[in-house]
Amino acid sequence: MAEISRRTVLRAGGAAAVITTVTTTAGTGTAEAADIGVSVDAFPLTAVSLLSGPFQANAARTHSYLLFLDSERLLHTFRLNYGLPSSAAPCGGWESPTTELRGHSMGHVLTALAQAYANTGRAEFKSKGDYLVAELAKCQARASSAGYLSAFPESFIDRVEARQQVWAPYYTLHKILAGLLDMHTLAGNAQALTVLTAFAGWVKRRNERLTQTQRQNMLDTEFGGMNEVLANLYQLTGNPDHLTAARYFDHAEIFDPLAANQDRLNGYHANTQIPKAIGAIREYHATGETRYRDIATNFWNIVTRDHTYAIGGNSNGEYFKAPGRIASELSDNTAECCNSYNMLKLTRQLFRTNPQASYADFYEKALYNHILGAQNPSSSHGFHSYYIPLRAGGIKTYSNDYDNFTCCHGTGMESNTKYVDSIYFFTGNTLYVNLFIASELRWPGRGITIRQETSYPESATTRLTFTGSGQIDLRLRIPSWTSGAQIRLNGTAQNVPVTPGTFATISRTWASGDVLDLDLPMALNREVTPDDATVQAVRYGPIVLSGAYGTTNLSSLPTLDPASIRTTGTPLRFTASASTGSVNLLPFYAMHGQRYTVYWRIGTTPPLPAFVAHYQFNETSGTTVADATGNGKTATISGAVSRVAGRQGNALSLDGGHVQLPSGILAGATAYTVAAWVRLDTVASWARVFDFGAGTGSYMFFTPQSGSGTARFAITSSGSGGEQQISGPAALPAGTWTHIAVTHSGNVAILYIGKTEAARNTNMTIRPADLGSTTQNWVGRSQYSGDPLLDGAVDEFRVYSRALTASEITALP
Ligand SMILES: [Zn+2]
């Protein structure tokens, strides 16, 4: 973003976005349209209360701040913008009267007040929100352009449309729109809907004058969740104008690759994109158009798999990097808090769409390791972090009362007033328990109360006590990180499947006094970074443990001996031996006021042998393929194969099957050779002789016939659009043995067909070391599930970590 330098200057912050979810079944009594394609739903904030615990403590600090904030100071720049008198002291930071983002905090405050009121019932939150809405309505009534409501003049919109320098006007307006919607749906404020509807009308009128090209160009500037809030308003009102306006903010440059499941995120401002995906899933719920669902789902998969740190956050310096770059992107500016706020919003909507445990597992990861620990517990007003430094020696910093007002200060107010919104989900009589947070659920309309008492994660157990009676199919999340989970009903162990990464189900008619205990044994485990296997984070169960370094700065990652980790006897507190000496480990969510490290150097990766692996395929049966180099890189056969006479002994004929090579077969390599004999039975475009990768974002492959009709080698770390290629003169023939090889050293890669050079690329800069952790290293199969499997035989498959010379290629038997 052009404005990044301004953000960096203004600091404590970056950019970002907000939101609030309209849960249509949330029982506000309005005539809301049912969301399309939703399988389960969350309970309204009114139905779930926090009990004593770290989340309740965080919420209380934010509640205190919301009541402390001076409404007149928040209104100051709005009133000035409409020629109304104001003698209030101006706010500072990103709310100063000269900051182009001024007014965004008003939206965050409205949302936070609405959520706090819905969740606690305390009238003081609603009355403060009602006052702000009424005063904003007075401003809006004076707008020269009907409906416009902002703390900055409409000329900022002229500038963003004309592609002139301006920060992010629609980003700011989105916050206000969302705040008004929440004051209506969560706090029952009718005037907020009137103001919001007029404002949304202005949005449509302002944008329908533009051509599609003008609008798409404008969307290069961060615009928050405009598509989301307008889709939510459409679901609330049924007015198709709001859906039309929402679609004006469908950003094709981002949506088109995502619809094709391509990772083009490298170099894009992270928190500009995440709200677009939230908007996409809400547009799916509003329209049923599955392309929107696929955009959101693909985005979530790409970000959580290839762009996410151990704490659940993403981005370095606010930007997405190449897939799999984690260890190489540790700095003071990692993991902007807004990003995780928005990823959790997206995750929640995707769980509603498809209630799989992996969504809830990620929710837990980012909630405990990022969001919970982003608020300063020693501030009675809940001051909030912006970035979470992940370099060794980093330290958390926080906002303040009036001189910060960054995006993350704003989303922090929201996060800390809605912790109950993703603990429980339901459909019909089915109840999902996704999170183990001390809380009480009062199931609307059923007369059933479920009280969850736990000190999780300090204890690895939780207890549900039922009041009232009725049939419930209870689905308990069994996290992917546990082993040996146990469920006891009224003290009796239940013999039901407790497979990690799924939900365990207890179906019965529950009665008052029923008690269910769930034990989720935790153990030490580690998350390995994809780009450096020796850089790892240590966890206990789901909780990232960080090293406490007091005032000691660090210039590099300490080396940790994982065998030295010992419990102190206090829950989640450990000691360990590191290269820096003895070190205390404590949960990262509890790490405040001192320097720390989240990542460690653990172990060393032995350098690859020069001759990495050699598969002769001389076995006569079984699914194991020996590695003739003696390096133990044993491969595995999946699916239908047969053994045929090969170039040397047997060959493997792939008849619907493929071969899986070990993970990281060329991990860290900067030079390599892959060589094999191939005899095709049929020539099919995009089949693979080999394809080593981590999905469709990072891979290297050889196909006998590309879409342009010739053999091709390609390598990429940023999806198909980022491929560097060498194409041969023709497709490989069928029915005859052909030797193929690719070598790469420096920037020179050479494709050999029939042991003679077929083509070269002298600008090949992507190497296996850039591909991150490749786990899908296949012979005969593509990273792209739509591509055909190889139909043919393979023999003498060789992998080297150096480039063989032409004469060496010629000499290969
Ligand atoms: Zn932020």
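Contact here means heavy atoms within 4.5 Å. The structure is a predicted model, in which local features need pLDDT of at least 70 and side-chain atom pairs count only at pLDDT 80 or more, while totals for chains, interfaces and linings use all residues. Residues are numbered from 1 along each chain as its sequence is written, and side-chain values use heavy atoms, with hydrogens and water left out.

Apart from neighbours within four places in sequence, Leu346 is in contact with Ala277, Ile278, Ile281, Ala296, Phe299 and Trp300. Leu346 and Phe299, together with Leu474 and Leu516, touch the most other members of the largest nonpolar core, which has 81 residues. Such a core is a set of buried (under 20% relative accessible area, 1.4 Å probe, protein chains only) Ala, Val, Leu, Ile, Met, Phe, Trp, Tyr and Cys residues joined through side-chain atoms within 4.5 Å. A second, separate core of 63 residues includes Leu69, Val109, Phe152 and Met226.

Asp691 is buried, with a relative accessible area of 0%. Its contacts, leaving aside neighbours within four places in sequence, are with Tyr699, Met700, Phe701, Gln776, Asn777, Trp778, Arg781, Ser782 and Gln783. The side chains of Asp691 and Arg688 are joined by a polar contact of 2.9 Å; a polar contact is a pair of N or O atoms within 3.5 Å, where within protein one must be able to donate a hydrogen and the other to accept it, and residues adjacent in sequence count only if both atoms are side-chain atoms. A polar side-chain atom of Asp691 also lies 2.9 Å from the backbone nitrogen of Gln783. Between the C-alpha atoms of Asp691 and Ile715, 24 residues apart along the chain, the separation is 9.5 Å.

Note on methods:
Buried < 20%, exposed > 50% of the residue type's maximum accessible area, 1.4 Å probe, protein only.
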